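Colleague: I would like to go through this model with you. Please show it first.

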Amino acid sequence: MTTTTTIAPLSPAGFHHSVDDLAALLADTVADGSSLGFLSPLDHATAAAWWHAQAPAVTDGTLTVWAAHHLGRLTGTVSLYRERKPNGAHRAEIVKLMVHRHARRHGLARRLLATAEHAAAQAGITLLLLDTETGSAAEHLYTAAGWTRYGIVPDYAADPAGTPRDCSFFYKELR
């Protein structure tokens, strides 16, 4: 799958045109067990409203959203949120790394993560942060990609069913 999958950042106009596809991907990911801040069932309208609320950050450059497409279909995304505070201009956060359940096990999540890491380094960002559910497949991905876990907070966030789960916090230096 990865040989015909393209990954590209979305312009503000491209982001606007992709909201419905991004919402469908978010709803699919939550339905498959990843909360990403939402409970299940996550309806399309709620997912789309969340993405629409991100538009100002995409427009002002605080948030960069990459979209992975395979045969014309959105199959994954990752976002990089840049810190707005002046004393944190050197850091950013990886957010909403998602791969459609039918596109998994082909290395797409690893490619999306590497894309965001490379873009961050090119932009002069030297520290990346993220969080994920402890024991999840995502946690294994981040560990394998050289991220350092610096803590676990018990019962930090609920899974899609509403059950509190531990959360692992990671960082990666880009020097």
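Modeller: The 15 positive and 16 negative charges of the chain have mean positions 6 Å apart. Lys and Arg count as positive, Asp and Glu as negative, while His and the chain ends are not counted. Each charge is placed at NZ of Lys, CZ of Arg, CG of Asp or CD of Glu. This is a predicted model: local features need pLDDT of at least 70, side-chain atom pairs count only at pLDDT 80 or more, and totals for chains, interfaces and linings use all residues. Residues are numbered from 1 along each chain as its sequence is written, and side-chain values use heavy atoms, with hydrogens and water left out.

Colleague: Which pattern does the chain follow along the sequence?

Modeller: Helices (H or I, at least four residues) and strands (E, at least two) are DSSP runs, numbered from the N terminus. The chain has 5 helices and 7 strands. Their order is β-α-α-α-β-β-β-α-β-α-β-β.

Colleague: Why is the chain as compact as a globular protein of that length?

Modeller: The radius of gyration is taken over C-alpha atoms, and the globule rule is 2.2 Å times the number of residues to the power 0.38. For 175 residues the rule gives 16 Å, and the chain comes close to that, so it is as compact as a globular protein of that length, with a radius of gyration of 15 Å.

Colleague: Is Val 99 buried or exposed?

Modeller: Val 99 lies in strand S4. Contact means heavy atoms within 4.5 Å. Leaving aside neighbours within four places in sequence, Val 99 contacts residues including Leu 25, Thr 75 and Leu 112. Its relative accessible area is 9%, so Val 99 is buried.

How values were computed. Buried < 20%, exposed > 50% of the residue type's maximum accessible area, 1.4 Å probe, protein only.
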